[in-house]
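Let's take a look at the charged pairs in this protein.

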Amino acid sequence: AGISAVAIADQIGVSKRTIYRDLDAMDIDAGLPIWNEGGKFGLDADAFLPPLALTLHEAMAFFLAARLLTKATDELDTEIIGAFVKLAQVLPPMLAEQLHQTADAFADTPLDESFTRVLRGLTVALAERRVVEIDYEAGVYDPAKGIRHVRLHPYAIEPSASTRALYVIGYDEEREARRTFKVERIQAISLTPDTFAARPDSVAAEMLDAWDVVVDDTPVDIVIRFDPSVAQRVAETRWHPSQVEELEDDGALLWRARVSGVLEIRSWILGWGPAAEVLEPGDLRGWVAERHAAAAARYRD
């Protein structure tokens, strides 16, 4: 049925001008589907998802997911804060208090309106299977590449705890292949009226091949020998679904996995310092050796 701006103003106790300003903010800034018919305003019925009825253990799972999200992005997004506040309403008091504290700390992150605008556009495109056009900063590692215009079919948005960033995975029409784009490097976005068909396979299943978020690289068999001093620490964590471990007679750990490319796993290997020796593949072994040699040269004096 809707309600007029005058009626809203009377109920809240503010001016009609304030109500119009707030309605514009809800529509333009927050992206809420506000409708106006015959001077009455309303909100589309499907603007919000149905409420959740959580068990204690399900509530803990959502709480942990929220905490992980704050570690996987360094960008403030108003929807994230709003989601935390709403989630806190259905959590037990102790968890709710901790989540409110998380939201308060996260709210201190500088606001990036461009990032929020891009993320909202990708979210709508993902939900409606809409093709988007993006201007992507492709010259981070090679300045000669500059800004690239891409028509993209977004399949998934993935957070990365290792880079504290979000990535969109989708089909690049120009490259005619699936590609991964860092959301923070998208300079502009526009939704097109074009749609794309649902994928017959599961992106979530394919993500199991990635070390972090990259799934569009050639699978590589990795073999690493970990010294006895770190073998137990390595073995107590399942770093990748494909990993296989073998404890050697001297206490060392032989670790194997098949991952999508070597780009993301390299920093993890370097993090173990001299306690990790790459046995395969040879080019990865050479790269790690070069990095250690360069570091040793820098610290020699």
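## A strand-to-strand pair

Keep in mind that this is a predicted model. Start with Asp221: its relative accessibility is 43%, so Asp221 counts as partly exposed. Its partner in a salt bridge is Arg258, and the closest N and O atoms of the two sit 3.1 Å apart. Asp221 belongs to strand β9 (residues 219–226) and Arg258 to strand β11 (residues 253–260), so the bridge ties together parts that are 37 residues apart in sequence. Arg258 also has a relative accessibility of 43%, so it counts as partly exposed too.

## A loop reaching strand β9

Arg225 pairs up with Glu248 in another salt bridge, with 3.2 Å between the closest N and O atoms. Here Glu248 comes from the loop between β10 (244–247) and β11, while Arg225 lies in strand β9, so parts 23 residues apart in sequence get tied together. Glu248 is partly exposed, at 26% relative accessible area.

Next up is Arg178, which forms a salt bridge with Glu206; their closest N and O atoms are 2.0 Å apart. This one links distant parts of the chain: Arg178 is in strand β7 (residues 177–182) and Glu206 in helix α7 (residues 203–206), 28 residues apart. Is Glu206 buried or exposed? Its relative accessibility is 19%, and the cut-off for buried is under 20%, so Glu206 counts as buried.

## The wider set

In total, the structure has 13 salt bridges. There's a network as well, with salt bridges linking Glu133, Arg151, Glu173 and Asp194.

Terms used: Residues numbered from 1 in each chain as written. Predicted model: local features only at pLDDT ≥ 70, side-chain atom pairs only at ≥ 80, totals over all residues. Heavy atoms only, no water. Salt bridge = Lys/Arg side-chain N within 4 Å of Asp/Glu carboxyl O. Helix = DSSP H or I, 4+ residues; strand = E, 2+ residues; numbered from the N terminus. Buried < 20%, exposed > 50% of the residue type's maximum accessible area, 1.4 Å probe, protein only.
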